[in-house]
Amino acid sequence: MYERLVTARLSARPIASDDLELLRQIHGDRRAMATLSVDGCPHSEARSRQLLEQYCNQWRERRYGLWMFHDRRHGSFVGYSGLLESPVRPYPSVALAYAVTASQWRQGFAVEMSRAVLEMAFHELNLPEVIVYTLPLNYGSRNVIRQLGFEYEGETIHAGLPHVLFRMREPPTAGVSVGGRAEAAR
């Protein structure tokens, strides 16, 4: 199991049971949740607790999940990125998930975090593929997905809403800089 991921600007560790306050920085923010929640509204604290428990359980069961990323210069929380079991059917796969605190938008953090996670997914976990999906009008997320090198797969319905689905079947090519490294637990 890996204890941290490091990129040029960020350091990450697996999500932990005491990360509710960090998770709430995203889940409680109307701007961030406009494209992350089914109804476009912030999650309640109870919903965030429920998701935190699911995320921690997935780490215990699967040995992968969400990573909590912090700025290496001053330690502030930037966001999360990681691998989750895909709820999108009929696509049984592992899905890339990411979110950045609204105050850190437009600084390239979503791409940087996700590249580190993809590096681990393909080179350390040896996953055969990773999917990612977003709402059709979430152009910010679609730009991140494009920069990461995912290929458009098609449209799907997730949580009762139309989404666009993308898939990556092989690691990013040499032309795509993967900015992270995994460090094994000692």
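Residues are numbered from 1 along each chain as its sequence is written. In this predicted model, local features need pLDDT of at least 70, side-chain atom pairs count only at pLDDT 80 or more, and totals for chains, interfaces and linings use all residues, while side-chain values use heavy atoms, with hydrogens and water left out.

The protein has 5 helices and 9 strands. Both are DSSP runs, numbered from the N terminus (helices: H or I, at least four residues; strands: E, at least two). Along the sequence, the order of elements is β-β-α-α-α-β-β-β-α-β-α-β-β-β. The protein has 186 residues, and 51% of them are buried. Here buried means under 20% relative accessible area, exposed means over 50%, and partly exposed lies in between (1.4 Å probe, protein chains only). The protein exposes about 9,500 Å². Carbon and sulfur atoms supply 48% of that area. Accessible areas come from the Shrake-Rupley method with a 1.4 Å probe, and for residues only the protein chains shown count as cover. Contacts (heavy atoms within 4.5 Å) were also counted by sequence separation. Among those between residues at least 6 apart in sequence, 62% join residues at least 24 apart.

Helix H5 spans residues 139-148. Four of its residues are buried: Ser-141, Val-144, Ile-145 and Leu-148. They lie on the same side of H5, because they cover an arc of only 100 degrees around the axis. The arc is taken from the directions from the helix axis to the C-beta atoms. Tyr-139 and Arg-146 are exposed on the other side of H5. Gly-149 follows H5 and has a positive phi, near 95 degrees.

Positive phi values also occur in residues other than glycine. One is Arg-63, with phi near 70 degrees. Arg-63 sits in the loop between helix H3 (45-62) and strand S3 (66-71). Its relative accessible area is 48%, so Arg-63 is partly exposed. Another is Arg-106, whose phi is about 65 degrees, again positive and not in a glycine. The loop between S5 and H4 holds Arg-106. Arg-106 counts as exposed, at 80% relative accessibility.
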